Amino acid sequence: SDIGSQKDRVLSEEEWLKKWEMGNIGFHKEHGHPLLQKYLDVLLNGRSGLRIFFPLCGKAVEMKWLADMGHSVVGVEISEQALKEFFVEQNLSYCEEPVPEISGAKKLQSTSGNISLYCCSIYDLSSSIVGKFDGVWDRGALVAVNPCDRQRYGSLMITLMEKNSSYLLVTVSYDPNKHKGPPFYVPESEIRSLFG
Ligand code: SAH
């Protein structure tokens, strides 16, 4: 298959945590992603005060952009270090609280209340915990999901979307036999089968 040797590869949670500890985070874009600016109108579709979800959020600066535009942002990330770096680097004060429904999970929330970041695995979330979203910014998320978990990820994302939501997805097109990442190749046919 054109997915080559990537199909069975797995990145464990420990490996991701290690990347954050080592500062091995080449995926982080300090100045944000130009494609969000380009397709912002598609995401918002003239609406204001939206709930926007950032799966596998890292310390994406776009969370601050959207919050500053008056939207409310929810993210999920396994690395607590990433989330703390987000608040510190964006000069936002925050408070922490446990998430009663998820053992060991924490919610870090900006003092202003419009950015809530869950420190846990995305697979621990459900719409009864985080509600549903009007928009999704998926950059470095589906492509970071282990290929064996894609179906689960796709189904979960669908359950987290409101009826009229917009989903912006960034993938990278390349020859997976020549390049190792970033970090997994997602063929367009698979996107169609996951999201219909
Ligand atoms: N979307 C961000 C980060 C992309 S890198 C950006 O655009 O910069 C992928 C991130 O997913 C990493 O920070 C990693 O720690 C996190 N991650 C990996 N598996 C996860 C999981 N199961 N649940 C939540 N976060 C996860």
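**Notes on the predicted model**

1. Phe195 has a relative accessible area of 24% and is therefore partly exposed, where buried means under 20% relative accessible area, exposed over 50% and partly exposed in between, computed with a 1.4 Å probe on protein chains only. The model is a predicted one, in which local features need pLDDT of at least 70 and side-chain atom pairs count only at pLDDT 80 or more, while totals for chains, interfaces and linings use all residues. Residues are numbered from 1 along each chain as its sequence is written, and side-chain values use heavy atoms, with hydrogens and water left out.

2. The chain contains seven helices and seven strands, these being DSSP runs numbered from the N terminus, with helices (H or I) of at least four residues and strands (E) of at least two. Read from the N terminus, the order of the elements is α-α-β-α-β-α-β-β-β-α-β-α-β-α. The radius of gyration is 16 Å, close to the 16 Å given by the globule rule for 196 residues, so the chain is as compact as a globular protein of that length; the radius is taken over C-alpha atoms, and the rule is 2.2 Å times the number of residues to the power 0.38.

3. Along the principal axes, the C-alpha atoms of the chain fill a box of roughly 50 × 40 × 35 Å, and 47% of the 196 residues count as buried. Among contacts in the chain with a separation of 6 or more, 67% come from residues 24 or more positions apart, a contact meaning heavy atoms within 4.5 Å.

4. The structure holds seven aromatic pairs, for which rings of Phe, Tyr and Trp (its six-membered ring) must have centres within 6.5 Å, with planes under 30 degrees apart called stacked, over 60 edge-to-face and the rest tilted. One of them is the stacked pair of Phe87 and Tyr94, with 4.7 Å centre to centre and 20° between the planes. Phe87 is buried at 0% relative accessibility, whereas Tyr94 is partly exposed at 27%.

5. The rings of Tyr167 and Phe195 form a tilted pair, at 5.0 Å centre to centre and 55° between the planes. This pair links distant parts of the chain, since Tyr167 lies in strand 7 (residues 161–170) and Phe195 in helix 7 (residues 188–195), 28 residues apart. Elsewhere, ring pairs join Trp16, Trp20 and Phe27 into a cluster.

6. Tyr94 itself belongs to strand 3, and, leaving aside residues up to four places away in sequence, Tyr94 touches Lys84, Phe87, Leu108, Gln109, Ser110 and Thr111. Its C-alpha atom is 8.5 Å from that of Gly113, a residue 19 positions away in sequence.

7. Where do the non-glycine residues Asn45 and Asn91, each with a positive phi, lie? Asn45, with a phi of about 50°, is in the loop between helix 2 (34–44) and strand 1 (51–54), and its relative accessibility of 56% counts as exposed. Asn91, with a phi of about 60°, is in the loop between helix 4 (80–89) and strand 3 (94–98), and is exposed with a relative accessible area of 72%. As background, most residues other than glycine have a negative phi.
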